[in-house]
Amino acid sequence: MFAAWIGYLLDGFDFVLITLVLTEIADEFELSDASAASLVSGAFITRWLGGALLGALGDRYGRKPAMIVSILLYSLGTFACGFAWNYFSLFTARLLIGMGMAGEYSASATYVLESWPARLRNRASGFLISGFAGGSIIAAELYKWVVPHWGWRWLFWIGVLPVFVALWVRRALPEAEDWSEATGGGPRPNPFRPLFAGRRRASLNTALAVAASVALFCVFTPVGEGMVWPLALVAAGCLFAFAAQLGGRRRWVLCVALMCTVFCAFLYSWPIQALLPTYLKKELGYAPGEVTDMMFYAGFGTMAGCWLAGFMGDWLGTRRAYAWTLLASLVFVFPVFAVQNSLVGLGVLLFFLLALNQGISGILPKYIASHFPTETRAASLGFVYNTGALGGAVAPVLGAHLAEGMSLGRALAVLTFGLTLVVIVLVGGNVPQRLGRLTDPDGPDDHLVPERPLSGSAASVERAG
């Protein structure tokens, strides 16, 4: 848990650095708000590929090697950002960060969930994801000290430090128990075998991967200007084709439904995560130290929310905890963007909004992973989650474009409120599982929590399922 949590903390640190210095980068490279926001999107458009590839690596060779490769990728990508000379060079370095982050999510989440007792796996998920928020707090604190004195590039050069964590992980950790038991003495699973069964299918899927990557790159950069919707449809078609093949006849509907659910979850959460520092600096006129204070409230609120989500998930059940907590968060959305002259008032409201609205994502790994068996869990979790994470690529750009017709604060509030309602319906109504029953009527409700007779000690476990 500690090793995976540290990996997530450093992942969060590296990933959110760009959100803190968007205004400085926009000034140096002479970018519009929408173009600057697309730099956040850059790390999302390769996540589907990184999640699938590194997830498959974790299924075939173990969760630990996949964790190590992931940490190396996002650390080196962050280091490269410090040497960027224009928009496209920085965007390219962000692609590498996205690959590593995707692998870290699938490898670390499956590693921890498969190592903890079934009755505590929501807590394990919540504790793990809280590391990302901890990384954002550290990044905000460094921003206050580093950027005013040495400039934004030094913030990225510091981001190479997680390489040393990868070396420690390689030396110190055992393998996940569930994976070791599932593969002990037998053939190693290969989740991608269906994609390359035969020369014709292998060629077709390689072409689909290239087409999806090129289309996504064009959609989120000026290269595709004027062709955004056709390119987006091409990328979506390619990704749905991969989901159908990886899910197989029985689980392809479930995979697609989960992808759409995660997409909406990122659409409601990432406008604030990506553009909150920009809002504080440009609309409220906050100085770097004040921005750091607000990001501390936000980051610690998310961290506390992840801890709370773990206990709530094991007590009420994953879906019920997710839906009720999101519903409670709606109370704080509009008040956050109504407060302008009170640092303490805004900080308190941010704490509660982020704790309820984004902290509940702490049990998202448990929610997704429970739909897949051990043999294909890392690859399935990695692909489904990180393909859905394209919502995080759309969110900051959509928020910036909405802000052209209204204030940025109002745009963020509208996106967060409306899309949170959508996720409440999808998760609370168990829509992915219900749709999955159309093609897999006999599949278990939860692959992570084994079925057992109902008893006083097992009641909470059954509710979690």
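**Exercise 1. Find which residues lie nearest the centre of the largest cavity, and work out which helix supplies the largest share of its lining.**

Step 1. The largest cavity is lined by 30 residues, and those nearest its centre are Phe-132, Trp-270, Gln-273, Gln-358 and Ser-361. Here a cavity is a set of points, on a 1 Å grid over the protein atoms alone, where a 1.4 Å probe fits but cannot get out, and lining residues have an atom within 4 Å of a point.

Before going on, a word on the model: it is predicted, so local features need pLDDT of at least 70 and side-chain atom pairs count only at pLDDT 80 or more, while totals for chains, interfaces and linings use all residues. Numbering starts from 1 along each chain as its sequence is written, and side-chain values use heavy atoms, with hydrogens and water left out.

Step 2. Now the helices: α1 (2-20), α6 (87-113), α7 (121-150), α12 and α13 (288-316) each give at least two lining residues. Helices are DSSP runs (H or I, at least four residues), as are strands (E, at least two), numbered from the N terminus. The largest share, eight residues, comes from α12.

Step 3. Sort the lining by class: 20 nonpolar, eight polar and two charged residues. Nonpolar covers Ala, Val, Leu, Ile, Met, Phe, Trp, Tyr, Cys and Pro; charged covers Asp, Glu, Lys and Arg; the others, Gly among them, are polar.

Step 4. For volume, this cavity comes to about 470 Å³, and the structure holds two cavities of 30 Å³ or more. Volume is the space filled by probe spheres set on the points, with grid points joined across faces, edges and corners.

**Exercise 2. Describe the lining of the largest pocket.**

Step 1. A pocket is an open set of points with protein on both sides within 12 Å along at least five of seven lines. The largest one holds about 960 Å³ of space.

Step 2. Of its 31 lining residues, Val-219, Phe-220, Val-228, Ala-232 and Val-394 lie nearest the centre. Two or more residues each come from α3 (33-42), α11 (199-219), α12, α17 (377-388) and α18 (390-402).

Step 3. Helix α12 turns up again, giving the most with 12 residues. By class you get 22 nonpolar, eight polar and one charged.
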